[in-house]
Amino acid sequence: MTVKPYKSSEGSKKTQVAGMFNNIAPKYDFLNHFLSLGIDKIWRKRAINLLKDIPNPLILDVATGTGDLAIEANKRLNCKVVGVDISTEMLKVADEKLVKRELTEVISVQEGDSENLPFENDTFDAVIVAFGVRNFENLNKGLTDMGRVLKPGGKMVVLEFSKPAYFPFKQLYLFYFLYILPWLGGLISKDKAAYTYLPESVLNFPDGKTFDSELVKAGLSPIKRYKQTMGIATIYFSEKPKQ
Ligand SMILES: C[S@@+](CC[C@H](N)C(=O)[O-])C[C@H]1O[C@@H](n2cnc3c(N)ncnc32)[C@H](O)[C@@H]1O
């Protein structure tokens, strides 16, 4: 089932997603850290640490948004990172951050669609994506194109929300996620639909083993899954086969 942000509006999921992130871009970073109580920063660090054995990697951060994962990758791996996103306003925030932190020599961001990436085959040592895949219009097309630009043997790290499975954490979390978060997010961002779309898109998105089979369908080989914070999020670590 395709979940779109603005149900009563026309437009493809991609157009609506880009519009939604354009709307919330100025408040995105604040809300991200506030609504997750800062836990998202720990998840990003763990995701990047999976790549620490690759010498001097060139990394592509897909759906880079305001650039936090790209910045984390550069900080931990001391490497060059290219970020792409379909939301011009999110990229504007990323650009400002990179200038302020004097990172423009090592991190660049540009407009780009995960389903038609503007790069040659076999370019990157690793492709990373945080909280992006759930928003793709066509998941298989996105994952397949991310695999295309990876070098054979290159690694893919996907960090995405998942669904906690066990009582009572599951019930407590769902209450927060379905009722408190949309209310708070809507109040602060002034875009209630964006923070209603968040839980709806998570609850309708494949996670765990099912997401691993999406990676396989896209030609990737899953290596390991790492559940984060009782399953609120999962890090999927995979590889492009060597031949
Ligand atoms: C929840 S934000 C995540 C941003 C960032 N990765 C982070 O960790 O904070 C999702 C981002 O995915 C981007 N996005 C959605 N579909 C995309 C696509 N097909 N290609 C590139 N970016 C996309 C959105 O514009 C948005 O900036």
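**Close-up views of a predicted model**

View A. Methionine 230 counts as exposed, at 59% relative accessibility, while threonine 229 is partly exposed, with a relative accessible area of 29% (buried means under 20%, exposed over 50%, partly exposed in between; 1.4 Å probe, protein chains only). This is a predicted model, in which local features need pLDDT of at least 70, side-chain atom pairs count only at pLDDT 80 or more, and totals for chains, interfaces and linings use all residues. Residues are numbered from 1 along each chain as its sequence is written, and side-chain values use heavy atoms, leaving out hydrogens and water. Neither residue is glycine, yet phi is positive in both: near 45 degrees for threonine 229 and near 60 degrees for methionine 230.

**View B. The cis peptide bond at proline 168.** Look for the bond from phenylalanine 167 to proline 168, where omega is near 0 degrees. Proline 168 lies in the loop between β5 (150-161) and α6 (169-189).

**View C. Phenylalanine 161 and its contacts.** Leaving aside residues up to four places away in sequence, phenylalanine 161 touches Trp43, Phe131, Arg134, Tyr173, Leu198, Val202, Ile232 and Ala233 (contact means heavy atoms within 4.5 Å).

Notes. Helix = DSSP H or I, 4+ residues; strand = E, 2+ residues; numbered from the N terminus.
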